[in-house]
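Trainee: I've got this one open on screen. Let's go through it together, starting with the surface.

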Amino acid sequence: MKYIVFILFTVMTNAAAQLMLKQGMMSLGPISFDGVNPLVKLLQIVFSPWVFLGLCTFVISMASHLYVLSKVELSFAYPFLSLAYVAVAVFAYFVFREDLNGWRIAGIACICAGTILIAQSGRDLGGRGHEDQTASITSDKIGTNEIVR
């Protein structure tokens, strides 16, 4: 649980990147490849300010996620990324005036409940983090190899 701040940073940067990409695509308007070299059009999209900023934010989010994966179990960390769905839905409602109906709210509630259950499972590790488990496995393998010799 001590890496939860990094996990939540990953979630929020992931959600922020989505919002920036949406803003970028809204500012570009409908995309059409008619009469344009697709590669040139793709470069125009990628290097438009909001899209480029969103992609850079994704890189930061991925770097944070890699750090988290080096510290905690994947089965614990990865489900937290579903909170990005929650953040995007809420912010899209306020920023872009997107619909947030009962079905979406129910889905958000399910995601939050599932994430809470997963977070509680992190307490069952008895204080043993990914690093401690890796060290334990390594020392177990070394001990087994010495016995076999």
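Trainee: Which helix supplies the largest share of the nonpolar patch?
Mentor: Helix α5, residues 83-95, with five residues. Helices here are DSSP runs of H or I with at least four residues, strands are E runs of at least two, and numbering starts at the N terminus.

Trainee: And which residues make the patch?
Mentor: Met12, Val90, Phe91, Tyr93, Phe94 and Val95, for about 540 Å² of nonpolar surface. Areas come from the Shrake-Rupley method with a 1.4 Å probe, and for residues only the protein chains shown count as cover. To join a patch, a residue needs over 30% relative accessible area and no salt bridge; nonpolar side chains (Val, Leu, Ile, Met, Phe, Trp, Tyr) are joined within 5 Å, like charges within 9 Å. A salt bridge is a side-chain nitrogen of Lys or Arg within 4 Å of a carboxyl oxygen of Asp or Glu.

Trainee: Before I go on, what should I know about the model?
Mentor: The model is predicted, so local features need pLDDT of at least 70 and side-chain atom pairs count only at pLDDT 80 or more, while totals for chains, interfaces and linings use all residues. Numbering runs from 1 along each chain as its sequence is written, and side-chain values use heavy atoms, with hydrogens and water left out.

Trainee: Zooming out, how many helices and strands does the chain have?
Mentor: Seven helices and zero strands. The pattern along the sequence is α-α-α-α-α-α-α. Of the 149 residues, 26% are buried. The chain exposes about 9,900 Å², and carbon and sulfur atoms supply 68% of that.

Trainee: What about contacts along the sequence?
Mentor: Take contacts between residues at least 6 apart in sequence: 80% join residues at least 24 apart. Contact means heavy atoms within 4.5 Å.

Trainee: Now α1. What do its buried residues pack against?
Mentor: They pack against α3, α4 and α5. The buried set includes Ile7, Thr10, Val11 and Leu19. Helix α1 covers residues 4-28 and reaches 36 Å between its end C-alpha atoms, close to the 36 Å expected. The expected span is 1.5 Å times one less than the number of residues. Glycine 29 follows α1 and has a positive phi, near 80°.

Trainee: Why does serine 64 count as buried?
Mentor: Because its relative accessibility is 9%. Beyond neighbours within four places in sequence, serine 64 contacts Phe6, Phe9 and Thr10.

Trainee: Next, α6. Which residues are buried?
Mentor: Ile108, Thr115 and Ala119. They span an arc of only 40°, so they sit on the same side of α6. Cover for the buried residues includes α4 (74-77) and α5. Facing away are exposed Gly102, Trp103, Cys110 and Leu117.

Trainee: Last one. What is the phi of arginine 97?
Mentor: Positive, about 60°, although arginine 97 is not a glycine. Most residues other than glycine have a negative phi. Arginine 97 is in the loop between α5 and α6. It counts as exposed because its relative accessibility is 67%.

Terms used: Buried < 20%, exposed > 50% of the residue type's maximum accessible area, 1.4 Å probe, protein only. Arc of directions from axis to C-beta.
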